[in-house]
Amino acid sequence: MKRKLALLLSLVLVFSLVLSGCGNKNEAPADTEGGDKVEKKEASNNPARSRDGAADTLVVGTHEAKGDFLPGYSSEVYDSYVVDLIFDGLFGNDKEGNPTPSVAKDWEISEDHKTYTFHLRDDVKFSDGEPLTAEDVKFTYEFLADPTYDGPRSSYVMNLVGYKEYNEGDAKELAGVKVIDEHTVAFEFQEALSTNIWDCGMAILPKHIYDFEKGDTASLKKKMSDPIGSGPYILKKFEPKQYVEFEANPNYFLGAPKVSHLIMKFTTVETQMSELEKGTIDVQLRVPPKTENKEIIDGTGFININEYPDNGYGYMGWNLRDPRLADKRVRQALTYGFNRQQFVDVYYGGNAQVCNVPVSQVSWAYTTDINEYPYDPDKAIALLEEAGWKPGADGIREKDGMKLSFVWDTYTDSKYVESLIPMLKADWEKIGVKVEPNLMEFGALSEKVYDKQEFDMYNMAWSLSIDPDAFELFHSSMAVPGGFNAVGFINEENDKLLEAGRKEFDQNKRAEIYQEWCKLMNEELPYMFLTQNLSWDAVNERVQNFNTSPFQDWTSRDVILNVELAQ
């Protein structure tokens, strides 16, 4: 099920990528002269061991979940963690990103790469005891293909045979998902694409719980806070703004988790490090990889860092429907005009790098053969002059009655944003561009960007899928309300390359296509790409086998089912 469920909104990975962070660039490291030195504690003083219920309860610190706990609607990564724990897909993936059996014990692919037939295990049950069958798989995909479905996962079904007939016509069922028998289901695609396999991996909904009349997906939304799936954990309680509590599914088909109780506790950039020190949480996901955080962690004597390159990137998106930002020379000037390397150095202290393409450094499609856009205010000014933007009386550049004065929508509760704001404002002011931040809760920002598409510019981050295909993010067909191409990037060459990358099955040739696409994106800059950083999960030493990696997060079955708590 790990396509990362497509491309997940990561609240700029509030604690990891670009929109988040903990630790202020102006804060002195604990061991520096003039600061309070953190004394090394002995592991025997580990406060988490004496916490009430600690023996059988794992507490994981995360950013606040929104409450969209339903496959097909969860878009922010923290909601998707909940979905991953409660629901299963036909397959998972290993550390290298290869599909591995899960609900489906095996599968076959036709010679023309259009039909994928999955053989389901016969011992999978939903948490209410009802068996999971091929009918549930078909139901899940008819939900995504429904004409009233308004979530971000429509790309999973658009290439299936009969999609238009079901979505736009009077068809009673989605012809492209066929129930062969109770434990066999086949997906038939209109076109042979190398990405088709991933489109078969959607988390499976129990039909007997979520069944609805065609045209009434709104009824499913009413059940989002009370999800029922076949996964390793069962939701026990959701307390908005505070936590999500789970209990182990004792009848899980892969074996009950070794940890019987699990809590996702919502932490903030102000509280996460102190909660680690006090032992009120066992794990903090996405700790910003900063020197001061490393010193705090080392100073405890009982917290370890699980470090790996993050499969994602941070960015600033601009509204390309805005005539001021429609000219790529303006976008290039804004990129040249911000000292991204200085921001990386100051904020991350060597644990990140400047990003210039929308592909992660851990991907086989990654390339460095592009323009790195080094900080060059003179180049930025020259591009703006060339595009006809001249300084006004107030120093802000203007043209045809418009001014290069923007509102930058961003979110609260982020030291990353707090650090980024003054640096960006100061650098752009030097080239005659004004920007004013407009801070809001992340949920409100997400709605403004993706549902309403009402913004000048915003910053977020993407947690990426295993496959480098970015159709959901940048193809012109996704530039619709609710779609992930919120910036409105419409480019014929972009569409051609994205489509070509999906049609090619030879990975070396695919890599060449995506590298060409990266060069196009590097020139067009539908985003100002910001950072790619190391990912740090801070883990109390009493938590064993918490082995996250770029393609397997903590909810992966290879991780969560093997986690144990030392007594």
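Searching the whole of this predicted model turns up 4 cavities of 30 Å³ or more. The largest cavity holds about 90 Å³ of space. Its lining is made up of 14 residues, and those nearest the centre are Val359, Leu464, Ser465, Asp467 and Pro468. Sorted by class, the residues lining the largest cavity are 8 nonpolar, 4 polar and 2 charged.

Now turn to helix α2, which covers residues 134-145. From first C-alpha to last, the 12 residues of α2 reach 17 Å, close to the 16 Å expected at 1.5 Å a residue. How much of α2 is buried? The helix is mostly covered, with 11 of its 12 residues buried.

Arginine 286 has a phi near 60°, a positive value in a residue other than glycine. You will find arginine 286 in strand β12, residues 283-287. Is arginine 286 buried or exposed? Its relative accessibility is 6%, and because buried means under 20%, arginine 286 counts as buried.

Aspartate 413 also has a positive phi, near 60°, and it too is a residue other than glycine. Where does aspartate 413 sit? Its place is in the loop between β19 (405-411) and α12 (415-430). With a relative accessibility of 22%, aspartate 413 counts as partly exposed, since that class lies between the 20% and 50% cut-offs.

Methods:
Residues are numbered from 1 along each chain as its sequence is written. This is a predicted model: local features need pLDDT of at least 70, side-chain atom pairs count only at pLDDT 80 or more; totals for chains, interfaces and linings use all residues. Side-chain values use heavy atoms; hydrogens and water are left out. On a 1 Å grid over the protein atoms alone, a cavity is a set of points where a 1.4 Å probe fits but cannot get out, and a pocket is an open set with protein on both sides within 12 Å along at least five of seven lines; lining residues have an atom within 4 Å of a point. Grid points are joined across faces, edges and corners, and a volume is the space filled by probe spheres set on the points. Ala, Val, Leu, Ile, Met, Phe, Trp, Tyr, Cys and Pro count as nonpolar, Asp, Glu, Lys and Arg as charged, and the others, Gly among them, as polar. Helices (H or I, at least four residues) and strands (E, at least two) are DSSP runs, numbered from the N terminus. The expected span of a helix is 1.5 Å times one less than its number of residues. Buried means under 20% relative accessible area, exposed over 50%, partly exposed in between (1.4 Å probe, protein chains only).
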